[in-house]
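Here are my notes on the model, as numbered points. Please read them with the structure open beside you.

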Amino acid sequence: MTALLTCLFIAMLLPYLAKVPVGYAMAKAQSASSDGVTGYDNHHPREQQAKLTGMGARAVAAHQNAFESLLIFAVAVVAVIAVDKVSDAAVTYAIVHIIARLAYNLFYLLDWSNLRSTSWFIGIYCSFAILWQAF
């Protein structure tokens, strides 16, 4: 169970780690906001994020997807723990999920769409496979 909880903790950190390249892209933004702020606009960050292009826009999408993935993964892990069906398979799926999600973020930033989609599929498959262990 410790390995599952460790993977859950890492998965909870991933959306915030995925925010780092978003912040970098926002800080490098050259366009001025309506109140004259250049760089990172802490007054209107969502507006600024919506205007990012290229790597910045992909970083925002990866950040948002990390939250979406966390929901499904967390439910699966909690369900397996709640019904006391923690197995080696569930732990392996959790580890593979974390690796796939790390790869997903990297592939998104690099704009390697086919590998990104493959890693997304592996991650989501692992989440459902973990939940299946609860039955």
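1. Asp 111 is partly exposed, because its relative accessibility is 45% (buried means under 20% relative accessible area, exposed over 50%, and partly exposed in between, with a 1.4 Å probe and protein chains only). Asp 111 sits in the loop between α5 and α6 (113-133). Its phi is near 65°, a positive value in a residue other than glycine. Most residues other than glycine have a negative phi.

2. Asp 84 also has a positive phi, of about 55°, and is not a glycine. Asp 84 belongs to the loop between α4 and α5. With 66% relative accessibility, Asp 84 counts as exposed.

3. A word on the source: this is a predicted model, in which local features need pLDDT of at least 70 and side-chain atom pairs count only at pLDDT 80 or more, while totals for chains, interfaces and linings use all residues. Residues are numbered from 1 along each chain as its sequence is written, and side-chain values use heavy atoms, with hydrogens and water left out.

4. The chain has 6 helices and 0 strands (helices, H or I with at least four residues, and strands, E with at least two, are DSSP runs numbered from the N terminus). The C-alpha trace spans about 55 × 30 × 20 Å along its principal axes. Of the 135 residues in the chain, 39% are buried. Among contacts with a separation of 6 or more, 70% come from residues 24 or more positions apart (contact means heavy atoms within 4.5 Å).

5. Which residues have the most contacts inside the largest nonpolar core? They are Leu 4, Phe 73, Val 80, Ala 94, Ile 98 and Ile 130, in a core of 16 residues. A nonpolar core is a set of buried Ala, Val, Leu, Ile, Met, Phe, Trp, Tyr and Cys residues joined through side-chain atoms within 4.5 Å. At least two residues of this core come from each of α1 (2-17), α4 (54-82) and α5 (88-110). A second, separate core has 6 residues, including Val 22, Ala 25, Ala 59 and Val 60.

6. Leaving out residues up to four places away in sequence, Phe 73 touches Cys 7, Leu 8, Ala 11, Ala 94, His 97, Ile 98, Ser 127 and Ile 130.

7. The structure holds 0 disulfides (a disulfide is a pair of cysteine sulfur atoms within 2.5 Å). For Cys 7, the nearest cysteine sulfur is that of Cys 126, 10 Å away. That is too far for a bond. Cys 7 is buried, at 6% relative accessibility, and Cys 126 is buried too, at 2%.

8. The whole structure has 1 cavity of 30 Å³ or more. A cavity is a set of points, on a 1 Å grid over the protein atoms alone, where a 1.4 Å probe fits but cannot get out; lining residues have an atom within 4 Å of a point. The largest cavity holds about 50 Å³ of space. Phe 73 is part of its lining, along with Ala 11, Leu 14, Ala 66, Ser 69, Leu 70, His 97 and Arg 101. The largest contribution to the lining is from α4, with 4 residues.

9. Is Thr 38 buried or exposed? Thr 38 is exposed, with a relative accessible area of 52%. Thr 38 lies in the loop between α2 (19-28) and α3 (45-51). The C-alpha atoms of Thr 38 and Met 26 are 9.2 Å apart, and the two residues are 12 residues apart along the chain.

Note on methods
On a 1 Å grid over the protein atoms alone, a cavity is a set of points where a 1.4 Å probe fits but cannot get out, and a pocket is an open set with protein on both sides within 12 Å along at least five of seven lines; lining residues have an atom within 4 Å of a point. Grid points are joined across faces, edges and corners, and a volume is the space filled by probe spheres set on the points.
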